[in-house]
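Thanks for making the time this morning.

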Amino acid sequence: MTRARMPRPHEVDAARRDPRLLRALRERQSDDAWRIRGACQSVDPETFFPAPNEPADAAVALCRTCDVQGACLAWALEVGDCHGVWGATTPRERRAMLLAWRGQVERDPDAADEPGPPVRDRLLTLVPLGR
């Protein structure tokens, strides 16, 4: 198992300008039903969680075609998910984006005024279906 390292300052600077992060910041509160419209719905979930020594190219390529890429990435950054491919980003890319995300969200007073609890407090509850 490899240990995740902290992003270097130049990686965080690059993440602040990354169009995927900018899109996630714009779309972070705009779509609560993004999961049901994702291009990933028809693909094996294993595709998005490759082993550490396997490339994530197939998952990233699929994510780049998805209409809800920004909302997906925003969710992953909001909850701090560091595993798998979310919003066309790898875990390594998201570690740098996470630092940029936290700095931007804390500085943006309009983002803090959104109604309702933050995304991380709105976890889904699974209810078993009757047979």
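**Cysteines and one backbone angle**

If we leave aside residues up to four places away in sequence, Cys 40 touches Phe 48 and Leu 62. Please keep in mind throughout that what we are looking at is a predicted model. Cys 40 sits in the loop that runs between helix 3 (34–37) and helix 4 (57–64), and with a relative accessibility of 34% Cys 40 is classed as partly exposed.

Now, which cysteine sulfur is closest to that of Cys 40? It belongs to Cys 66, and because the two sulfurs are 6.2 Å apart, they are too far from each other for a bond, the cut-off for a disulfide being 2.5 Å. Along the chain Cys 40 and Cys 66 are 26 residues apart, and their C-alpha atoms are separated by 8.2 Å.

How many disulfides does a search of the whole structure find? The count is zero. Cys 63, accordingly, takes part in no disulfide, and the nearest cysteine sulfur, which is that of Cys 72, lies 6.0 Å away. Cys 63 is buried, at 10% relative accessibility.

Let me turn to the backbone. Most residues other than glycine have a negative phi. Ala 88, although it is not a glycine, has a positive phi of about 65°. Ala 88 belongs to the loop between helix 5 (69–79) and helix 6 (91–107), and, with a relative accessible area of 0%, Ala 88 is buried.

Conventions. Residues numbered from 1 in each chain as written. Predicted model: local features only at pLDDT ≥ 70, side-chain atom pairs only at ≥ 80, totals over all residues. Heavy atoms only, no water. Helix = DSSP H or I, 4+ residues; strand = E, 2+ residues; numbered from the N terminus. Buried < 20%, exposed > 50% of the residue type's maximum accessible area, 1.4 Å probe, protein only. Contact = heavy atoms within 4.5 Å.
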